[in-house]
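Biologist: Please take a close look at the aromatic cluster in this model. Start with the fold around it, then go ring by ring.

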Amino acid sequence: MVEKSNLLLPGTGYYFRCYMLLCFRIMDRGAIKLSVHNSYMLARFVCTLCIAFCIVLSARLFPFNPLLMYLLVLPTSLFQYATLNLDGIVAVLSVLMCSLFARIVIGKEDNQILRIAFFILIAVLASCKLHLFAIYILGLFLCLRFKNKIDILIFLVSLAFVVAWTFYAVFITWIRALIWVCLLSISQLII
C-alpha cells in the first residue's frame with residue numbers, strides 16, 4: 001500500500017475561496033470517478049460560468065462605461081477568464097465591487113443587502129491580493145456616509161478576517177519555510 005503525504009511548498013499562495021473549484025478532485029476522493037483532466041475541465045467550465053455571471057450582474061447593477069467594456073474584452077482578459085488563474089476572477093470581482101459601490105453611492109435607495117455584499121466582496125478581494133487592501137478605504141467611506149452600526153460591525157469583522165488570514169498565510173508560507181531552512185542548515189552543520 002502506498003502512503004500519501006503532502007509537502008509544504010514555501011511561497012505558494014493560499015486563496016481558499018478562489019481555488020476551491022480546483023480542489024474539487026482532491027475533495028471528492030474518487031466518488032465521482034473523474035480523471036484529473038476532466039475535473040480540471042469541469043472546474044474551468046464552472047469558473048468561466050461564474051465569471052460570466054459576475055459580468056452580467058455587474059452590468060445590471062450599474063451600466064458599464066465603454067472603456068470598461070473594451071477592457072473586459074481584451075484578448076488577455078478573455079484568456080484569463082477561460083483559465084483557472086486568480087487574476088481573471090479578481091478582475092471580474094473588482095468590476096462587480098465597483099458596480100456595487102457605484103450603485104450604493106450614486107443610487108438613491110438605501111439597500112442594506114447591497115452594502116453587506118459590498119463588504120463581503122472587499123474581504124474576498126483584499127484577502128486574495130494583498131495590494132488590494134487599500135479598497136477598505138471605500139468601505140470606510142460607506143461607513144462614514146451611512147453611519148449604520150451594522151455596516152460598521154461588518155466592516156470591522158471583514159477587516160479582522162482579512163488581517164487574520166494574511167497573517168496566517170504569511171506564517172504558513174514564509175515562517176515555516178524559514179524554520180525548515182534553519183533546521184536544514186543546522187543539520188548540515190552537525191553532519
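Modeller: The model is predicted. Its protein chain has eight helices and zero strands. Read along the sequence, the pattern is α-α-α-α-α-α-α-α. Of the 191 residues, 31% are buried. The chain exposes about 12800 Å², and carbon and sulfur atoms supply 75% of that area. Take the contacts between residues at least 6 apart in sequence: 67% of them join residues at least 24 apart.

Now the rings. The structure holds seven aromatic pairs. One of them joins Phe101 and Phe118, with ring centres 5.6 Å apart. Their planes meet at 35°, so this pair is tilted; stacked would need under 30 degrees, edge-to-face over 60. Phe101 belongs to helix α5 (residues 86-106), while Phe118 belongs to helix α6 (residues 112-128). The pair therefore ties together parts that lie 17 residues apart in sequence. Both Phe101 and Phe118 are buried.

Phe118 also pairs with Phe119. Here the centres are 5.8 Å apart and the planes stand at 65°, so the geometry is edge-to-face. Phe118 has 0% relative accessibility and therefore counts as buried. Phe119 also has 0%, so Phe119 counts as buried too; the cut-off is under 20%.

Step back to the cluster. Ring pairs link Phe101, Phe118 and Phe119 with Phe133, Tyr136, Phe141 and Phe155.

One further ring contact involves a charge. The charged end of Arg115 sits over the ring of Phe146. The distance to the ring centre is 4.3 Å.

Notes. Residues numbered from 1 in each chain as written. Predicted model: local features only at pLDDT ≥ 70, side-chain atom pairs only at ≥ 80, totals over all residues. Heavy atoms only, no water. Helix = DSSP H or I, 4+ residues; strand = E, 2+ residues; numbered from the N terminus. Buried < 20%, exposed > 50% of the residue type's maximum accessible area, 1.4 Å probe, protein only. Contact = heavy atoms within 4.5 Å. Areas by Shrake-Rupley, 256 points an atom, 1.4 Å probe, with all protein chains shown as cover. Phe/Tyr/Trp six-rings, centres within 6.5 Å; stacked < 30°, edge-to-face > 60°. Lys NZ or Arg CZ within 6 Å of the ring centre and 35° of its normal.
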